[in-house]
Amino acid sequence: MERKPVKSSTSERGGETLIFWVRIYAMRRLAVLAFLLFSSFARGSDLPIFDAHLHYSHDAWDVVPVEEVISILRKAGIKRALVSSSGDEGQQRLSRAAPDLVVPSLRPYRRRGEIGTWFRDDSVIAYLEEHLKKNRYAAIGEYHIYGADADLPVPRRMVELARRYGLFLHSHSDADAIERQFRQWPQARILWAHAGFDRPEVVADLLRRHPTLWCDLAFRTDHASGGKVDAAWRKVFLEFPDRFMVGTDSFTPERWHYVPEHAAWSREWLADLPREVREQIAWKNGERLFGSALRRSD
Ligand SMILES: [Zn+2]
């Protein structure tokens, strides 16, 4: 008769011990979670990214299908991306599948291999006109044009089309070709691809003279290393915090798999800048410039 209460009190004590350890475990889990959240916030790993330089050309669909591209973008924390594709169909497929993610841009290229020939090819204009009538875009580009070639008839007519449709120009060019395009259309809004791979002083000079020039930093690494921003570039970023954007440049299909790594690398060096500047370059500039274009096309 005495055994029963003894047994019961043992199991009660056992239950209390169990609850005690469960509580300790839960508290430790909570502490670990809070630490992870805090450290990820401190590192800025939750910083949204506007990727201003992506391509999804006709040879990319089989290598990286549409669903995979969208999943890559979402997992990498890409808020939105300016996407173009040779042949245009690639970015159309992406836009249809994820209209909230893709800001469409129209390239003057129909297939690979036109980088060095398009600006002497009259049929490019008919191709652009046909697509501009059919679809909505935020920009024309990315295209490659250097020096005096920017003043040839085909690029000139392309700039006229951008003016007529109120579109950005995404220009992979030297400083000379950028200046020539501004002479053709002083109010042009130009996104200078890779900031022309030019030196920070040259980029700053152009930005000073052209209030409607912006730069993407795609495929360049000279502005930061080991999570530290280069001193000369820092000066330019602080003088023009509203003129830069990051971009991965998926110029070959395989580079789509590099998008998350590039976003992580961008967050790392951006963390070395003041918070407002970091956010502007990471996503606010892209969103301000291209977000409205996207809303118009909804
Ligand atoms: Zn590109």
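Glu 142 is found in strand E4; helices (H or I, at least four residues) and strands (E, at least two) are DSSP runs, numbered from the N terminus. The structure is a predicted model, in which local features need pLDDT of at least 70 and side-chain atom pairs count only at pLDDT 80 or more, while totals for chains, interfaces and linings use all residues. Residues are numbered from 1 along each chain as its sequence is written.

The peptide bond that leads from Gly 141 into Glu 142 is cis, with omega near -5°. E4 spans residues 139–145, and six of its seven residues are buried, so the strand is largely enclosed by the rest of the structure. Here a residue is buried if 20 or more other C-beta atoms lie within 10 Å of its own, exposed if 12 or fewer, and partly exposed in between, with C-beta atoms placed from the backbone.

E4 runs parallel to strand E3 (residues 102–106), to which two bridges join it; strands pair if DSSP finds at least two bridges between them. In this pairing, Ser 105 stands opposite Ala 139. With strand E5 (residues 168–173), E4 pairs over six bridges, again in the parallel sense, and His 144 has His 172 as its bridge partner. From E4 the chain passes through helix H5 (residues 153–165) to E5 in a right-handed β-α-β crossover, that is, with the strands pointing away from the viewer, the path from the first strand over the helix to the second runs clockwise.

Ala 139 turns up again in the largest nonpolar core, where Leu 82, Ala 139, Trp 192 and Phe 237 touch the most other members among 74 residues. Such a core is a set of buried Ala, Val, Leu, Ile, Met, Phe, Trp, Tyr and Cys residues joined through C-beta atoms within 7 Å. Helix H10 (residues 275–297) contributes the largest share of this core, six residues. Leaving aside residues up to four places away in sequence, Phe 237 touches Val 229, Phe 244, Leu 273, Val 277 and Ile 281, contact being C-beta atoms, placed from the backbone, within 7 Å.

Most residues other than glycine have a negative phi, and most peptide bonds are trans. Asp 88, however, has a phi near 65° and lies in the loop between strand E2 (78–84) and helix H3 (89–97). Asp 88 is buried, with 25 other C-beta atoms within 10 Å. His 194 likewise has a positive phi, of about 60°, in the loop between strand E6 (190–192) and helix H7 (200–209). With 18 other C-beta atoms within 10 Å, His 194 is partly exposed.

Note on methods: Contact = placed C-beta atoms within 7 Å.
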